[in-house]
Amino acid sequence: MRSQARRVTLLGAALLVGAGLTVTACSSGGGGGGSGSTTVTIWSSVDPPVKAGLEKQLVAELGAQKSNIKINWQTVTNINQLIITKIQAGNTPDIAYIPQPGVVAQMVNLGAAKPLNSVVDMSSLQQNMVPGMLQAGTINGKLYGLLGSANVKGLVWYNKPAWTAAGWQTPTSIPALTTLMSQMKAKGSATAPWCLGVNSTGSPGWPATDWFETLMMRDYGPTVYNDWIAHKVKFVSPQVENVASQFSQIAFTPGNVYGGRTAIPTNGFDTAGNGLFTTPTPKCWMYMQGSFITGFFPASVQKSLDTSVGVFYFPPATEGGQKPVEGGGDMITMLNDTPNVETVVKLLAQPQIGNDAAPTSSFISPFKNFNASLYPNNTTRSVASIMYSADDFLFDASDAMPAQVGAGSFWSQMVAWIGNQVSINQALANIDQSWPATSS
Amino acid sequence: MLVKALTAVITVAAGIGAAFVLYWILNWISEHIPGDWGRRIQPYLFILPALAAIVVYTVYPAVLTVINSFKDNFSRHWIGLANYRALFGSDAFRSTLFNTLLWILIVPAACIIMGLTVAVLADRLGPRGEKTTKTIIFLPMAVSLVGAATVWRFIYDAEPKGSTQIGLLNAIGSIFHKGPVAWLDTSTFRLNSLLLMVILLWAQVGFSMVLLSAAIKSVPTDTIEAARIDGASERQIFARVVVPQIRGTIVTIFITVTITVMKIFDVVYVTTGGAFNTDVLGNQFWTQISTYFNYGAASAIVVIFMIAVIPVMWYQVKHFQTEEAT
């Protein structure tokens, strides 16, 4: 009797174990894509509407080519972190959209990103992209990160009806901007020339670095700017000190910024711009931020963007001087070098890939020959044309520098300096000191 | 949906089945080993699966972390003590250590004092009053620290002078026409760190109060009455009679809160991100590993943390053993 019961129990247990093993085997077999797989996995952290538009166009083009390639495009949060972890776990997607050149450099360092030079049409890209866009993703002479979407910084936003009523003219040089600021202050203290806010949840200080970068590239040009990113021009240097003094003239002179110097560290970058639209009197005339700030303006402004809002390029250092534009964007990186993946990368590197995303989202194409009529409003068109007509496209320096500086000390020292806790010389010295000794 | 439910059921059943088979096999082994040995090693065989799990999932990673603290950022090359030297040589990290030390010194003590105060005072109220007070004080424990920090961020919020203040503190201040104070940005005398500690205290006092209240109530009344007969004042009774008898509970709470405080991360991350001089060890570890991808420095921070925790843990085990003995 007992041995019978025991045998039944044993049989039952064996069946359970067998079931468990089969389930595990089945699930792992179906999920993994092999090297000869027809599924290409793409990861990105871009806005869902942008991703949806790009994916739709990609699938349509693959269908038109009668290709059997299937696309598995995932939106992930914080791809910068995730991709490095996954590379070390040996579990990467085929293609990844990376928003920071510094992270692309890490990927190359780990041997995970493959060069794109033989995959994409380099001469056509050089012709159709703004100079500098390819350099941003070029490491050791090879292209590893190809800009797939762009956003523009160094833009000055203003309240269009109020601006025209007051009769202000768009300044075309930094001295003209300074004159404009004095005229604005003379008009009345109710409206300050600038709104400025450097606070941001979890990462305070990055808007101040945008100001430094904007001034740096206009004053000294792309070569010095790139040397600055490569730490050949240190933070303790005449160039950066000059930029810091320019910024303090604009931001710290009493009456220039709404709320004064003490409010700058507390004002959020997302809400500071709303001062342009307060009724009956706006709190400020101008707000400098990136193209994405339109998504943070009050709802009523967003609904009537073209009539409520104007934008101009932060003026060059001198009348007729060089006009580099600061920007960012997501760079296409290739982690698996198979024919199917290469086909997909080739398609993603074409201007037409943005045809569906442009009208339906905040997507801006990095290609000069992109069909600009597809952009949803004139504001986006102006922003895009500012980028296309620039002499150089320079990636946001704090995204290109090593993270300890670009996402660490540069931000925190800016906040400390603006908050009057540290002198500018000490702040710049601290940033230099924090530069990693060897980026291995 | 059905497939997922079915997979879950099969997985659970398979897990139980596998454990059953494993122990059956271990039992079979111990029964079939000749002589006395079988019976002697049987308990060790049965401990083996659990021990193996602990070694693989706890001891092995701990050893690996210590090893990684001597390697570079992607754990590829040995760099000796460079990580430790870089950390201790940087002003920012020393400030972080100082902040963590402040947290450790202030929060557990404050938690116990506040818990004791509430427990003793609530004790004097009638039964309903006591229950209501205790429920209210205990409620914040139900909120996650992230939620608590988000709420308190709004209390400390500051808008530029002239705009409507949405932060509670500054809104009250604006009634008295006192200009807005950027509470979370003010690091003079570490004011913002103290304000962040308030958040943790708000969430933790309930825990301390409940345990201390139970301990106070379990003090035998005859000792108190004896003291009263001997002519002791209320304060003397509390300090000399009640507190020594609840010492065990106080120590337990102290240790628990200290360990919580040493690990604190979410409060700082959600409010200031470690900026304005509020950085603590837990947040710095996160920054090193997630923003800087410096596994070497992150491992070094963890090792520092492990070394700092050892005395606390040793004291807790010793305390636990003395409690067990009585």
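These notebook entries record what I looked up in a predicted model with chains A and B.

**Entry 1. Chain A as a whole**

I began with the inventory of chain A, which holds 19 helices and 12 strands. I then looked up its extent: along the principal axes, the C-alpha atoms fill a box of roughly 100 × 50 × 45 Å. Of the 440 residues in chain A, 46% are buried. I also checked the contacts in chain A with a separation of 6 or more, and 77% of them join residues 24 or more positions apart.

**Entry 2. The domains of chain A**

Into which domains is chain A divided? I noted domain 1, made of 39-150 + 327-381, and domain 2, made of 153-325 + 397-433. Their C-alpha centres lie 29 Å apart. Where they meet, 11 residues of domain 1 are in contact with 17 residues of domain 2. On the domain 1 side of this meeting, helix H4 (101-109), strand E11 (324-334) and helix H16 (378-388) of chain A are the elements that give two or more residues. I sorted the residues of that side by type and recorded 2 nonpolar, 9 polar and no charged.

**Entry 3. A sheet in chain A**

I next followed an open sheet of 4 strands in chain A, whose order is E8-E9-E7-E10 and whose pairing is mixed. Why do E8 and E10 of chain A each have one side without a neighbour in the sheet? Strand E8 (192-195) and E10 stand at the edges with a single partner strand each, so one side of each is left without a neighbour. From one strand to the next, the twist averages 30°. I found H16(A) packed on this sheet, where it touches E7 and E10 of chain A. The direction of H16(A) makes about 0° with that of E10(A).

**Entry 4. Strand E7 of chain A**

I then took strand E7 (residues 155-159) of chain A by itself. Is E7(A) mostly covered or uncovered? It is mostly covered, for 5 of its 5 residues are buried. Leu155(A), Trp157(A) and Asn159(A) point one way from the strand, while Val156(A) and Tyr158(A) point the other way.

With strand E9 (residues 284-289) of chain A, E7(A) runs antiparallel, and 4 bridges join the two. With strand E10 (residues 309-313) of chain A, E7(A) pairs in the antiparallel sense over 5 bridges. In E10(A), Tyr313(A) is the bridge partner of Leu155(A).

**Entry 5. Helix H19 of chain A**

Which residues of helix H19 (residues 424-433) of chain A are buried? I listed Ala427(A), Leu428(A), Asn430(A) and Ile431(A). These residues lie on the same side of H19(A), because they cover an arc of only 160° around the axis. I then asked what the buried residues of H19(A) pack against. Their partners are helix H10 (238-252) and helix H18 (403-418) of chain A.

**Entry 6. Where chain A touches chain B**

How many residues of chain A are in contact with chain B? I noted 27 residues of chain A, in contact with 26 residues of chain B. On the chain A side, helix H1 (2-31), helix H3 (79-89) and H18 each supply at least two residues. The residues of that side divide into 14 nonpolar, 13 polar and no charged.

**Entry 7. Chain B and one of its residues**

Chain B is divided into domain 1 (2-68) and domain 2 (90-325). The C-alpha centres of these two domains lie 40 Å apart.

Within chain B I looked up Val257(B), which has its place in helix H11 (residues 247-262). Is Val257(B) buried or exposed? It counts as buried, because it has 24 C-beta neighbours inside 10 Å, and the cut-off is 20 or more. Leaving aside neighbours within four places in sequence, I recorded contacts of Val257(B) with Val107(B), Pro108(B), Cys111(B), Gln204(B) and Ser208(B). I also compared Val257(B) with Thr221(B): they are 36 residues apart in sequence and 29 Å apart in space, C-alpha to C-alpha.

Technical notes. Residues numbered from 1 in each chain as written. Chains lettered and ligands numbered in written order. Predicted model: local features only at pLDDT ≥ 70, side-chain atom pairs only at ≥ 80, totals over all residues. Buried ≥ 20, exposed ≤ 12 C-beta atoms within 10 Å, placed from the backbone. Arc of directions from axis to C-beta. Contact = placed C-beta atoms within 7 Å. Domains from an automatic or database assignment. Nonpolar A, V, L, I, M, F, W, Y, C, P; charged D, E, K, R; others polar. Pairing = 2+ DSSP bridges. Axes fitted to C-alpha atoms, helices over the stretch in contact; angles between N-to-C directions.
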